[in-house]
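Biologist: Before I use any of these labels, I would like to hear what each one rests on. Please take them one at a time.

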Amino acid sequence: MERARFLIVMAGGSGTRMGASVPKQFLEIGGRPVLQMTIGRFVEAVPGLRVITVLPEDYVRMWKDLCYARNFSVPQTIVHGGLTRFHSVRNGLEKVPDGAVVAVHDGVRPMVSPGFIASMFRMGGKFPAVVPAVPCTDTLRPIVRTPEGSLARLEGRTVDRNCIFAIQTPQVFWSEILREAYTQPFDTSFTDDASVVEKAGTGVTYVDGEKFNIKLTTPEDLRLAEALRPVLGY
């Protein structure tokens with residue numbers, strides 16, 4: 001039997017580095033809220049997808065009002081965010097049954113393509129944990145910030161960029177695997193869902209990500225996404 005398909009869209013952060021008056025998931029690109037764009041990509045790519053939206057409790061009403069004002073009628077289960085991303089994902093997983101395929105995606109990655117989303121769900125039907133990664137192309141240096149605030153290189157240390165990849169979302173899992181992994185106590189090493197699953201003992205299948213599947217963190221990222229939108233046909 002084919003597994004039901006779920007999306008947990010992570011929009012529980014405050015986005016302080018963006019410097020805006022509202023969390024970055026509610027800012028607009030091309031006249032649409034970022035979170036609307038993100039969810040819309042997934043609904044376009046995966047028919048019958050069930051959406052769980054994780055939001056800061058104080059902004060649930062704002063999101064509902066935005067959906068009404070923009071006639072964005074995608075059915076969603078709203079879940080309150082937790083103290084950390086780990087706790088927010090765990091809250092979302094309470095709404096996902098065993099036996100499903102579940103994608104966890106950053107709500108502020110709206111440039112992900114529907115074709116890539118569909119391919120991730122296809123892979124998720126075959127493998128219990130599938131995670132996208134893109135190679136690092138910059139020259140890397142081990143550098144620390146001194147007590148005076150300047151930058152200093154750590155002499156004698158090198159980094160092979162051929163072994164360094166940036167991890168993206170969506171990360172796609174068999175739901176029973178992810179739910180079991182999230183019964184572990186919180187650990188500061190849990191920076192994404194793959195790290196939680198790997199610590200629980202499940203191997204992860206890494207696949208090539210998308211170059212323009214950027215996470216909006218700073219005002220410069222928002223301007224880049226606005227410039228990419230017509231180029232990518234969004």
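**Labels and their cut-offs**

Modeller: N71 lies in the loop between α2 and β5. This is a predicted model, where local features need pLDDT of at least 70 and side-chain atom pairs count only at pLDDT 80 or more, while totals for chains, interfaces and linings use all residues. Residues are numbered from 1 along each chain as its sequence is written, and side-chain values use heavy atoms, with hydrogens and water left out.

Biologist: What makes N71 exposed?

Modeller: Exposed means over 50% relative accessible area, buried means under 20%, and partly exposed is in between (1.4 Å probe, protein chains only). N71 has a relative accessible area of 67%, so it is exposed. Its phi is near 55°, a positive value in a residue other than glycine.

Biologist: Why is β4 said to pair with β5?

Modeller: Two strands pair if DSSP finds at least two bridges between them. Five bridges join β4 to β5, and the strands run parallel. V54 stands opposite V79 in β5. The chain crosses from β4 through α2 to β5, and this β-α-β crossover is right-handed: with the strands pointing away from the viewer, the path from the first strand over the helix to the second runs clockwise. Strand β1 (residues 5-10) also pairs with β4 in the parallel sense, over five bridges, and V9 stands opposite T53 in β4.

Biologist: Why is β4 described as largely enclosed?

Modeller: Because five of the six residues of β4 (residues 50-55) are buried.

Biologist: What makes the span of α1 close to the expected one?

Modeller: The expected span of a helix is 1.5 Å times one less than its number of residues. Helix α1 (residues 34-45) has twelve residues, and its 17 Å from first C-alpha to last is close to the expected 16 Å. Nine of the twelve are buried, so α1 is largely enclosed by the rest of the structure.

Biologist: What does V34 touch, and is it buried or exposed?

Modeller: V34 is buried, with a relative accessible area of 0%. Contact means heavy atoms within 4.5 Å. Not counting residues up to four places away in sequence, V34 touches residues including L27, I29, V108, L216 and L222.

Biologist: How do you know that Q171 is buried?

Modeller: Its relative accessible area is 1%, so Q171 is buried. Q171 is in strand β11 (residues 171-174). A polar atom of its side chain lies 3.0 Å from the backbone nitrogen of A194.

Key
Helices (H or I, at least four residues) and strands (E, at least two) are DSSP runs, numbered from the N terminus. A polar contact is a pair of N or O atoms within 3.5 Å; within protein, one must be able to donate a hydrogen and the other to accept it, and residues adjacent in sequence count only if both atoms are side-chain atoms.
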